[in-house]
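The sequence and structure come first.

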Amino acid sequence: MSTNVNIDWDKLGFAYSKTDLRYISIWKDGKWDAGKLVEDNNISISEASTSLHYGQQCFEGLKAYRTKDGSIQLFRPDENAKRINRSCERVLMPEIPVDKFVDACLQVVKANEAFVPPYGSGATLYIRPYVIGIGDNLGVGPAPEFLFGVFCCPVGAYFKGGLAPVNFMISEKFDRAAPHGTGADKIGGNYAASLLAHVEATKKGFADCVYLDPATHTNIEEVGAANFFGITNNNVFATPKSPSILPSITKYSLIHIAKEYLKMNIEERVIPIDSLGEFIEAGACGTAAVITPIGGIEYKGNLHVFYSETEVGPITRKLYDLLYGIQFGDVKAPEGWIVKVK
Ligand code: PLP
Ligand code: COI
């Protein structure tokens, strides 16, 4: 087992690397077992598992942060626990008690402490909990057994450049979610549906695409792996309201920060694609994306530039500094947002 790691923290991208230990718990005969840490990063499951054929699975994403004093902390893991349970409910998988979920994340971080990037590197330890249907099954129906796993790996910026603007394009050909589908849950099928659009966008030089609402294709939904927000010239933080976008924990944290720390007005509402002109700044937000300023969005062959394609707008920077400061322990967090790894 490696306790001394040799990683160039500054050069990390958002990529998988194997760490020492991961957590596995099995649900069988109506209950979860106690769960344990294992060394093997391969899992062996029945070829007839529902997760492989019928997409009965879901996942989460959160991070561990190294603070200035060398301690390690998680950001709102209870919110990820609540969201994984909403995803589980949607695809008929068993609930995971919030304490079990948070404890599993804490165990994995502690067991891989050497992989938590140093304070100041900007890198973090990404934690990936997931639930999959396993066991023998053939017909379309819920699995007889389930596996709850948590692994982690050190990561850098998701979108190249970190706090540097990137351009997105509107996906005009593909939707990621259906009007009454699974868009609001963190279910693999949403991401499978977005792969082609994402690859086509990156081939054209965009960081990712922004989806429109699947019913009318007139309103902004979200980015493939992050929520959208815009800032107006009269101090409003606006973000789409839709039943088919993922309720981003980062987005709701930013809403709190914008309101309480920056005294901004909040509008969670429909954002028509033809109203981009009302925003002086825009960004993508999420655990992996943190806050990624949006330089411009291309729609119907025109690139609409918000603040700048090369510079970060002043409000986006303030939001970023506050969020980043809270996550890394430099700014006092609202009650209950931080869980220390002991
Ligand atoms: N939207 C999608 C589709 C995502 O995959 C993510 C990432 O988790 C987000 C939004 C941001 O959510 P959060 O801030 O909870 O990470
Ligand atoms: C996250 O931000 O945690 C995500 O899950 C986004 C992506 C890597 C799927």
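What volume does the largest cavity have? The largest cavity has a volume of about 90 Å³.

## Basis

This is a predicted model, in which local features need pLDDT of at least 70 and side-chain atom pairs count only at pLDDT 80 or more, while totals for chains, interfaces and linings use all residues. Residues are numbered from 1 along each chain as its sequence is written, chains are lettered from A and ligands numbered from 1 in written order, and side-chain values use heavy atoms, without hydrogens and water.

## Cavities

Searching the whole structure gives two cavities of 30 Å³ or more. A cavity is a set of points, on a 1 Å grid over the protein atoms alone, where a 1.4 Å probe fits but cannot get out; grid points are joined across faces, edges and corners, and the volume is the space filled by probe spheres set on them.

The lining of the largest cavity (residues with an atom within 4 Å of a point) includes L62, K63, Y65, F75, N80, I249 and T250. G286, T287, V290 and Q327 also line it.

## Ligand 1

Among the 16 residues around ligand 1 (a heavy atom within 4 Å), Y191, E222, S248, T250 and T287 come nearest. Its polar contacts are pairs of N or O atoms within 3.5 Å. A nitrogen atom of ligand 1 lies 2.5 Å from a side-chain N or O atom of E222. Oxygen atoms of the ligand are placed 2.5 Å from an N or O atom in the side chain of T250 and 2.8 Å from a polar backbone atom of I249. On its own, ligand 1 has 380 Å² of accessible area (Shrake-Rupley method, 1.4 Å probe), and the protein covers 97% of it.

## Ligand 2

The residues surrounding ligand 2 include F14, F59, G61, R128, Y158, Y191, A225 and T287. By class, its shell has seven nonpolar, two polar and two charged residues, with Tyr counted as nonpolar and Gly as polar. Domain 1 (9-155) and domain 2 (166-327) both give residues to this shell, so ligand 2 lies between them; the bounds come from an automatic or database domain assignment.

An oxygen atom of ligand 2 is 2.7 Å from a side-chain N or O atom of Y126. The distance from a polar side-chain atom of K186 to a ligand 2 oxygen is 2.7 Å, and a polar backbone atom of A288 is 2.8 Å from an oxygen of the ligand. The protein covers 90% of the 280 Å² of accessible area that ligand 2 has on its own.

Key. A polar contact is a pair of N or O atoms within 3.5 Å; within protein, one must be able to donate a hydrogen and the other to accept it, and residues adjacent in sequence count only if both atoms are side-chain atoms. On a 1 Å grid over the protein atoms alone, a cavity is a set of points where a 1.4 Å probe fits but cannot get out, and a pocket is an open set with protein on both sides within 12 Å along at least five of seven lines; lining residues have an atom within 4 Å of a point.
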